Amino acid sequence: MVQVWIDNVSVEVPHDATVLQAARKLGIDLPAMCSLADHDPNTSCMCCLVRVDGSDSFVPSCATNVREGMQVESETREVHALRKTGIELLLADHAGDCHAPCQNTCPAKMDIPNMLRLVADGDYLAALATVKRDIALPAILGRVCPEVCEQACRRGQHDSPAAICKIKRFVADRDLESSDPYRPELSTDSGKRVAIVGAGPTGLTAAYHLRQCGHRCTLIDSAASAGGRLQSDFASELPADVLQAEVSAVLSLDVDCQWNQGLASAASLDVLLRDYDAVLLATGRGTPGPDVLLDVERTKSGLRVDAHTRMTSREGLFAAGNAVRPYKLVVQSVAEGKLAAECIDGWLRGALPPDRRHAYETRLARLTNQELCDFCDGAVPTPRVDGRLLSDGASEDAARSEAERCLECDCRALASCLLHHYASMYDCDAQHYRGEGRRFEGRLVGNRVTLEQGKCILCGICVQLAAETSDAAGLAVVHRGVDTRLAPPPGSTIDEALGSAASKCAEACPTGAIITAAGR
């Protein structure tokens, strides 16, 4: 064993260990994306750089062996800047979507591709659970939403978009009509109480998510029942029984209600702030006047809130939805309610919610006609199902047929993608070195795995695994410069190139460039 110092912290490791292994023993998460345990280092990504013994140069930790008394600098500003540059250079040559265009366009950021996959598989309960992670009122939105997500559906560039809203309505209606409607799991009681003034889409959504966090909620509204503008603005599209059913689903989470009560005076607001741990104003367009909100700053549009926390200028008082600015779409109000709930939950727990404005994201450029044809290769040619078939009394066959039209533009490996993980960690800009950017290059599709060339960062791991597998034809690095790519031997398929190592390659791939056939 030898003793090594990393950022002035001592660690003992075997004499043949690398600096990367020593760092990981200390719990340091170094961005080594081309390193595979028990294999020789590839040193292709050059993102795990460290400084050793005060040298003017930097070395890859995955290929640097330790020695007694070694002094390593890992988590310094200078080292981090070099790593960030390395990651951004990889991003410049990475062509793939982290999330599908439909999901990015949805104000609530619902995981649309996963919902469609689950419907295509006939797993309607899981599909509904996917929807309800982000949308508390899917049966309502399935009727009143103007289908903004479908405007971004890549299938729409090819023939016609997937009927996303109608399918969402299908799974929601199916659940409401069941004998045992979906009920999300509630966390243990936190001991915190939140008053929500306004029981429209924003307030109902906030209550739905806050209850899942374990906070007690009380809805307060001047009307005799919940719904807000849903009761008046959408009478022709939204049947009263559907509205009542989804409201009841929220209230069934042990949400307390106070009807025919509003904020009549500044004193009534003071009482709420005294009796509750947090108060959310979701009063819609009829925001209480200055005589009630004496100490609360306003803008021309509504109440002023902090962009990160959604808190007003008064401690413990939050605001969301049309109380802050005009939101024409109900889905925007729903998204506001969820965000407000996240902010309030974070504040009650003493932690700030994630800053969504700086979330890392890679997106494909708009596809050319030829790229779109390549992207759609293998997709079912079925035309869009008539919307009437997915309305009241929709058949499972129609819903599944429509769901199968999805091109699955999202990254199925996002949860395990190391490039996404480290790009987020180092606050990288995917566009920094991109220029015009790498284009979509199609896929090598096999029965076992699929290789999407545009996502490959040439880490070399799959080349290593194939080389040590007797039944693998192997992969080679072909061409030079910006055209460098991986390719099977001439006349061989991707399955033949990887042989029985195919599943190992998919598991070890740091970017999801290789996925199992079931993952497409």
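Axes here are lines fitted to C-alpha atoms, for helices over the stretch in contact, and angles run from 0 to 180 degrees between N-to-C directions. This is a predicted model, where local features need pLDDT of at least 70 and side-chain atom pairs count only at pLDDT 80 or more, while totals for chains, interfaces and linings use all residues. Residues are numbered from 1 along each chain as its sequence is written, and side-chain values use heavy atoms, with hydrogens and water left out.

**View 1. Helices H5 and H8 cross left-handed.** Here we look at H5 (residues 124–132) and H8 (residues 164–176), whose axes come within 9 Å and cross at roughly 110°. That makes H5 roughly perpendicular to H8 (a label for 65 to 115 degrees; under 35 is roughly parallel, over 145 roughly antiparallel, the rest oblique). Left-handed means the near helix is turned anticlockwise from the far one by less than a right angle. From H5, Tyr124, Ala127, Leu128 and Val131 meet a set in H8 made up of Lys168, Phe170, Val171, Ala172, Arg174 and Asp175 (contact: heavy atoms within 4.5 Å). Sort the residues of this contact and you get 7 nonpolar, no polar and 3 charged.

**View 2. Arginine 117 sits buried in H4.** This arginine belongs to helix H4, residues 112–120 (helices are DSSP runs of H or I, at least four residues; strands are runs of E, at least two). Arginine 117 counts as buried because its relative accessibility is 13% (the cut-off is under 20%, with a 1.4 Å probe and protein chains only). Set aside the neighbours within four places in sequence, and arginine 117 touches Glu408, Asp410 and Arg412.

**View 3. Five strands form an open sheet with mixed pairing.** Reading across, the order is E2-E1-E5-E3-E4 (strands pair if DSSP finds at least two bridges between them). At the edges are E2 (9–13) and E4 (59–60), each pairing on one side only. Helix H2 (residues 77–92) lies across E3 (49–52) and E5, and runs at about 150° to E3.

**View 4. Strand E1 pairs antiparallel with E2 and parallel with E5.** On the E2 side there are 5 bridges, and glutamine 3 stands opposite glutamate 12. The E1–E2 hairpin has 2 residues between the strands, and in this hairpin aspartate 7 takes a positive phi near 50°. Over on the E5 side, 2 bridges link E1 (residues 2–6) to E5 (residues 71–73), and isoleucine 6 stands opposite valine 72.

Definitions and conventions:
Buried < 20%, exposed > 50% of the residue type's maximum accessible area, 1.4 Å probe, protein only. Nonpolar A, V, L, I, M, F, W, Y, C, P; charged D, E, K, R; others polar.
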